[in-house]
Amino acid sequence: MAKLDILIYPDHRLRRIARPVTRFDGELERLVADMAETMYAAPGIGLAAVQVNVPKRVVVMDVSAQRNRLQVFINPQLSQLAGATESQEGCLSVPGFTDTVQRAETVTINARDVKGRAFEVAADDMLAVCIQHEIDHLNGKIFVDYLSRMKQQRIGKKLRKEQAASVQAA
Ligand code: NI
């Protein structure tokens, strides 16, 4: 396994629309394993392949308190979105920032596992919020898109500056 580099907002590669996975093979298994390692090391509760510069519809998540319940969603799709809930969201591609985002409260997720087997999950709470956040990534969307233009500019400016400083230091 290998830890992968996470793209940082406002990197334009985070705007790519991810393609569906068509081959459930060893390459996909390696990608999922590397993404899980990257997510746990960060640490984070969810990671989409787009964030590690792989524009495929692959998501790993672990919303458990013990951090021992890895969930893998390949080609996830949402249906039966209902209710509304607000929570503080953050993102591994937007380090150091959190803000309130409104999402559906409950959703049904249809996806495939790493072997290509289809499954369905009825999700609420953190799982529902997290999968909506991750599927946004697969569609080139980031949680800051829900914030005011002023906040987006402030965040983009700060992160660009930090990136420039870290490149210089490297
Ligand atoms: Ni994110």
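**Notebook: nickel site and cores**

I started at the metal: the nickel ion is coordinated by Cys91 (SG), His133 (NE2) and His137 (NE2), at 2.1 to 2.3 Å. Donors here are N, O and S atoms within 2.8 Å of the metal (3.2 Å for Na, K and Ca), and sites may look incomplete since water is not among the atoms.

A note on what I was reading: this is a predicted model, where local features need pLDDT of at least 70, side-chain atom pairs count only at pLDDT 80 or more, and totals for chains, interfaces and linings use all residues. Residues are numbered from 1 along each chain as its sequence is written, and side-chain values use heavy atoms, with hydrogens and water left out.

Next I checked the spacing of the nickel donors along the chain, and found C-x41-H-x3-H. His133 and His137 both sit in helix α2, 4 residues apart, about one turn of the helix. Helices (H or I, at least four residues) and strands (E, at least two) are DSSP runs, numbered from the N terminus.

Are these two histidines buried or exposed? His133 counts as buried because its relative accessibility is 7%, and His137 counts as buried at 0%. The cut-offs are under 20% relative accessible area for buried and over 50% for exposed, with partly exposed in between (1.4 Å probe, protein chains only).

Then I turned to the largest nonpolar core, which has 18 residues. Such a core is a set of buried Ala, Val, Leu, Ile, Met, Phe, Trp, Tyr and Cys residues joined through side-chain atoms within 4.5 Å. Val59, Met61, Phe73, Val107, Ile109 and Ile131 touch the most other members. Helix α2 gives the most to this core, with 6 residues.
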